[in-house]
Amino acid sequence: LGGDGMRAGARGDASVEEARALIDSWPKQTQAAASAMIEKYGAPDEAGARKLVWNNNGPWNRTVVHRENVGKAIEQSVELQIPSEKFAMIAKLPGGVSAERGKNELRASSDNEALNFLAVNLAQEVLTGKRAVGDARSFFKKTATLAATGKSSPYTSELLFKPDTSEKDVKEQDKKKDARKKGAR
């Protein structure tokens with residue numbers, strides 16, 4: 001374990017059982033968020049008393065589940081070029097969407113992955129001019145309400161665009177695919 005209490009390494013170093021044991025003392029809402037991500041993505045790449053981290057999991061560049069962020073426990077990011085003049089728009093979007101200059105990364109934070117998909121998909125549509133900020137806000141509210149009643153939408157179940165990927169990310173994803181294939185044998 002490092003100084004911040006994180007155990008790092010290849011996926012599986014922190015086993016599913018170890019990750020579940022770590023989150024036993026978390027608040028119920030963030031514990032539920034962490035359990036959902038463990039169920040979907042398996043053992044985290046890094047695990048500590050305050051957060052779990054998966055790298056290059058599914059469509060996401062990174063997924064971090066924070067112990068203390070009730071209401072925004074699941075932070076997920078995609079690699080996306082964001083023009084400097086568009087950062088003000090991002091701040092106006094719903095769904096805990098954020099970006100940091102110079103990182104080429106769009107993040108969403110909520111307590112469930114479906115809302116993160118919705119937020120990131122709408123942000124991308126605003127960034128490309130397909131949708132206005134006001135329309136994105138009302139669509140988010142309507143779709144989130146429907147999702148809470150069990151209705152599904154492509155906006156809440158997948159990325160509706162292809163994120164930017166760097167050469168490093170492609171190589172990392174290929175390595176993980178190879179490791180999974182070897183483990184399945």
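Where is the place of Ile82? I found Ile82 in the loop between strand S5 (74-79) and helix H3 (87-91). Helices here are DSSP runs of H or I with at least four residues, strands are runs of E with at least two, and both are numbered from the N terminus.

**Ground rules**

I note that this is a predicted model, where local features need pLDDT of at least 70, side-chain atom pairs count only at pLDDT 80 or more, and totals for chains, interfaces and linings use all residues. Residues are numbered from 1 along each chain as its sequence is written, and side-chain values use heavy atoms, with hydrogens and water left out.

**Entry: Ile82**

I checked its burial next. Ile82 has 11% relative accessibility, so it counts as buried. The cut-offs are under 20% relative accessible area for buried, over 50% for exposed, and partly exposed in between, with a 1.4 Å probe and protein chains only. I then listed its contacts, meaning heavy atoms within 4.5 Å. Leaving aside neighbours within four places in sequence, Ile82 is in contact with Phe87, Ile90, Ala99, Asn104, Glu105, Leu106 and Leu127. I also looked up a C-alpha distance: Ile82 and Lys103 are 21 residues apart along the chain and separated by 8.9 Å.

**Entry: the whole chain**

I stepped back to the overall layout. The chain has seven helices and seven strands. Along the sequence, I read the pattern β-α-α-β-β-β-β-α-β-β-α-α-α-α. Of the 185 residues, 42% count as buried. Among contacts with a separation of 6 or more, 58% come from residues 24 or more positions apart.

**Entry: H1 and H2**

At what angle do helix H1 and helix H2 pack? I read about 175° between H1 (residues 16-23) and H2 (residues 28-41), with the axes 10 Å apart. The axes are lines fitted to C-alpha atoms, for helices over the stretch in contact, and the angles run from 0 to 180 degrees between N-to-C directions. That makes H1 roughly antiparallel to H2. The scale is under 35 degrees for roughly parallel, over 145 for roughly antiparallel, 65 to 115 for roughly perpendicular, and oblique for the rest. From H1, the contact uses Val16, Ala19, Arg20 and Ile23; from H2, it uses Gln31, Ala34, Ser35, Ile38 and Glu39. I sorted these by class and got five nonpolar, two polar and two charged residues. Ala, Val, Leu, Ile, Met, Phe, Trp, Tyr, Cys and Pro count as nonpolar, Asp, Glu, Lys and Arg as charged, and the others, Gly among them, as polar.

**Entry: the core**

Which residues touch the most other members of the largest nonpolar core? Among its 40 residues, they are Leu52, Val65, Leu106 and Val120. Helix H4 (residues 113-127) gives the largest share, eight residues. Such a core is a set of buried Ala, Val, Leu, Ile, Met, Phe, Trp, Tyr and Cys residues joined through side-chain atoms within 4.5 Å. I noted the general background: in soluble globular proteins, nonpolar side chains tend to be buried together.

I followed up on Val65. Its contacts, beyond neighbours within four places in sequence, include Trp26, Met37, Leu52, Trp54 and Ile74.

**Entry: aromatic pairs**

I searched the whole structure and found two aromatic pairs. Rings of Phe, Tyr and Trp (its six-membered ring) pair if their centres lie within 6.5 Å; planes under 30 degrees apart are stacked, over 60 edge-to-face, and the rest tilted. Trp60 and Phe117 have ring centres 4.8 Å apart and planes at 35°, so the pair is tilted. Trp60 lies in strand S4 (residues 60-66) and Phe117 in helix H4, so the pair ties together parts 57 residues apart in sequence. Trp60 is buried at 1%, and Phe117 counts as buried at 4%.

Phe117 came up again at Thr156, which touches Ala114, Phe117, Leu118, Thr143 and Ala147, not counting residues up to four places away in sequence. Thr156 lies in helix H6 (residues 154-157) and is buried, with a relative accessible area of 9%.

Most residues other than glycine have a negative phi. Asn56, in strand S3 (residues 51-57), has a positive phi near 50°. Asn56 counts as buried at 9% relative accessibility. Asn104 also has a positive phi, about 50°. Asn104 lies in the loop between strand S6 (98-99) and strand S7 (105-110) and counts as partly exposed at 29%.

Last, I looked at Asn57, in strand S3. Asn57 counts as buried at 1%. Asn57 and Tyr41 are 16 residues apart in sequence and 6.8 Å apart in space, C-alpha to C-alpha.
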